[in-house]
Amino acid sequence: MSWAFLRDLLSGVNKYSTGIGRIWLAVVFLFRLLVYIVAAENIWKYEHDEFECNINQPGCENVCFDHFFPVSHIRLWALQLIMVSTPSLLVVFHVAYRKNREKHLSQKLYRSPGEIDGGLLWTYLTSLVLKTAIEIVFLVLFYKLYNGFEVPRLVKCDIRPCPNTVDCFISKPTEKMIFLYFLLGTSCLCIALNLSEFSYLIFKYSIKCYLKRHIKKRQGSKGDCHKAEIIAHHRAAAAGWLHNSSPSFTLNVQDKCEASSPLT
């Protein structure tokens with residue numbers, strides 16, 4: 001199986017990710033994809049041929065193997081890697097849409113099409129939620145299919161056409177157990193990284209919105225004070241107090257504005 005397309009996809013998303021997102025990418029690429037290709041795939045390569053039962057009854061061994069391993073570990077991991085990487089396409093498509101929109105309108109609409117803000121922020125957050133949900137679904141699926149996260153040395157099978165309860169032996173159980181725990185651990189690490197990145201982006205966006213609202217409020221207060229000074233000046237001039245009363249009246253307005261304005 002060629003994983004070049006997955007490598008290119010993850011590399012393309014890397015330039016639009018945050019620092020935590022780049023750590024997630026490194027974990028997926030180095031500790032999951034490479035470990036899968038280099039080691040895990042070879043360990044489970046001949047799992048069916050090396051599954052042995054202490055009986056020569058035709059069909060018994062195949063039925064027992066299908067019962068205890070309804071889906072191969074290695075194929076389920078491959079599906080998990082593909083599914084976990086797929087939500088990243090949402091970010092790539094959104095950035096491509098921004099670039100195409102600028103090209104179509106022939107004007108600069110964004111400071112940077114790949115900057116995580118506005119609609120792209122929500123697309124990125126959606127991809128994080130989907131990746132986390134997929135990871136959790138596959139962990140539950142592993143647990144349900146194999147009755148826990150273990151690789152037993154011996155399984156007892158009494159399914160027809162086996163004439164009685166037979167003992168079946170799984171090849172390299174210790175080695176498989178080590179890689180099973182390693183890949184499960186990296187999956188949990190990816191979940192933690194996704195949740196951390198989600199929290200970081202929400203916190204950063206909240207601070208940005210608060211500061212923007214605070215700046216607008218200050219600018220609005222200064223604008224209201226400036227309008228009040230102009231109105232007070234014109235009223236004083238219209239009443240004939242321009243030389244006598246207006247300075248003190250205008251000064252009082254300025255003092256009130258300064259007293260009511262937020263501290264810098």
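1. The axes of helix α2 (residues 19-43) and helix α4 (residues 73-85) come within 12 Å and cross at roughly 155°. Here axes are lines fitted to C-alpha atoms, for helices over the stretch in contact, and angles run from 0 to 180 degrees between N-to-C directions. That crossing angle makes α2 roughly antiparallel to α4 (angles under 35 degrees count as roughly parallel, over 145 as roughly antiparallel, 65 to 115 as roughly perpendicular, the rest as oblique). Helices (H or I, at least four residues) and strands (E, at least two) are DSSP runs numbered from the N terminus.

2. On provenance: this is a predicted model, in which local features need pLDDT of at least 70 and side-chain atom pairs count only at pLDDT 80 or more, while totals for chains, interfaces and linings use all residues. Residues are numbered from 1 along each chain as its sequence is written, and side-chain values use heavy atoms, with hydrogens and water left out.

3. The crossing of α2 past α4 is left-handed, a term used if the near helix is turned anticlockwise from the far one by less than a right angle, with clockwise being right-handed. On the α2 side the contact (heavy atoms within 4.5 Å) is made by Trp24, Val28, Arg32, Leu33, Tyr36, Ala40 and Glu41. On the α4 side, Ile74, Trp77, Ala78, Gln80, Leu81 and Val84 take part. By class, this contact of α2 with α4 has 10 nonpolar, one polar and two charged residues. The nonpolar class is Ala, Val, Leu, Ile, Met, Phe, Trp, Tyr, Cys and Pro; the charged class is Asp, Glu, Lys and Arg; the others, Gly among them, are polar.

4. How many disulfides does the structure hold? There are three disulfides, each defined as a pair of cysteine sulfur atoms within 2.5 Å. With the bonded cysteines of the protein numbered in sequence order, the pairing reads 1-6, 2-5, 3-4.

5. Cys53 and Cys168 form a disulfide with their sulfur atoms 2.0 Å apart. The torsion about this S-S bond is about 100°, so the disulfide of Cys53 and Cys168 is right-handed. Cys53 lies in strand β1 (residues 52-53) and Cys168 in strand β3 (residues 166-169), so the pair ties together parts that are 115 residues apart in sequence. Both Cys53 and Cys168 are buried (buried means under 20% relative accessible area, exposed over 50%, partly exposed in between, with a 1.4 Å probe and protein chains only).

6. Cys60 is joined to Cys162 by a disulfide, S to S 1.8 Å. This link of Cys60 and Cys162 is right-handed, with 95° about the S-S bond. Cys60 lies in helix α3 (residues 60-68) and Cys162 in the loop between β2 (154-157) and β3, so parts 102 residues apart in sequence are tied together. Cys60 is buried at a relative accessible area of 0%, and Cys162 counts as buried at 6%.

7. Cys64 is joined to Cys157, S to S 2.0 Å. The link of Cys64 and Cys157 is left-handed, with -90° about the S-S bond. Cys64 lies in helix α3 and Cys157 in strand β2, so the pair ties together parts that are 93 residues apart in sequence. Cys64 and Cys157 are buried.
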